Amino acid sequence: KRSSVEIDEEIKIKAGLFAKMFIHSAGPNVKVKMKSPKGMMNTKSNYGKDILDDFLALQDEFLTALQCVEPAELKSIKVPWPTFELKKLRLGEVMMITIAHELRHLNQAERALDDL
């Protein structure tokens, strides 16, 4: 829901137009099913019980990366967008998008568990 996050009194990260659009189209509250871009598709199917362990390990890696970032770097570092490398976003925007998209996956996982 947020398009800005206050890190501390001096640093406030605001999502630009592209980041806002992506959060709204691929974030946690979107009910429309969307196909993943071909470049983002997993080449091997991994729907066994190991998928949860893999997901949790990736979440731990992401949290470690978040903890290593200096607040000022959230605005100063530019990151190319994976599916459109000419577009660069601030690191803070990428993290906001990633968190919103991860929440979408968590919602999907909860729905899948409810269906069992």
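Predicted model: local features only at pLDDT ≥ 70, side-chain atom pairs only at ≥ 80, totals over all residues.
How many residues does the hairpin that joins β3 to β4 pass through?

**View 1. Overall layout of the protein chain.** The protein chain holds four helices and four strands. Read from the N terminus, its elements follow the order β-β-α-α-α-β-β-α. Of the 116 residues in the chain, 21% are buried. The chain exposes about 9300 Å², and carbon and sulfur atoms supply 58% of that area. When contacts are taken between residues at least 6 apart in sequence, 60% of them join residues at least 24 apart.

**View 2. The hairpin of β3 and β4.** Two residues form the link through which the hairpin joins β3 to β4. Strand β3 covers residues 78–81 and strand β4 covers residues 84–90. The two strands run antiparallel and are joined by four bridges. Within this pairing, Lys-78 stands opposite Arg-90 of β4. In a regular strand, side chains alternate between the two faces of the sheet.

**View 3. The two sides of helix α1.** Helix α1 spans residues 17–26, and its buried residues include Ala-19, Ile-23 and Ala-26. These three lie on the same side of α1 because they cover an arc of only 95° around the axis. The buried residues of α1 pack against α4, which comprises residues 91–115. Leu-17, Met-21 and His-24 are exposed, and they sit on the face of α1 turned away from its buried side.

View 4. Leaving aside residues up to four places away in sequence, Glu-93 touches Ile-13, Lys-14, Ala-15, Gly-16 and Ala-19. One of these, Ala-19, is also among the buried residues of α1.

View 5. Which residues make the nonpolar surface patch of about 260 Å²? Ile-51, Leu-52 and Leu-56 make it. Leu-52 belongs to helix α2, which runs over residues 50–68.

Note on methods: Residues numbered from 1 in each chain as written. Heavy atoms only, no water. Pairing = 2+ DSSP bridges. Patch = residues over 30% accessible without salt bridge, like charges linked within 9 Å, V, L, I, M, F, W, Y side chains within 5 Å. Areas by Shrake-Rupley, 256 points an atom, 1.4 Å probe, with all protein chains shown as cover. Salt bridge = Lys/Arg side-chain N within 4 Å of Asp/Glu carboxyl O. Buried < 20%, exposed > 50% of the residue type's maximum accessible area, 1.4 Å probe, protein only. Contact = heavy atoms within 4.5 Å. Arc of directions from axis to C-beta.
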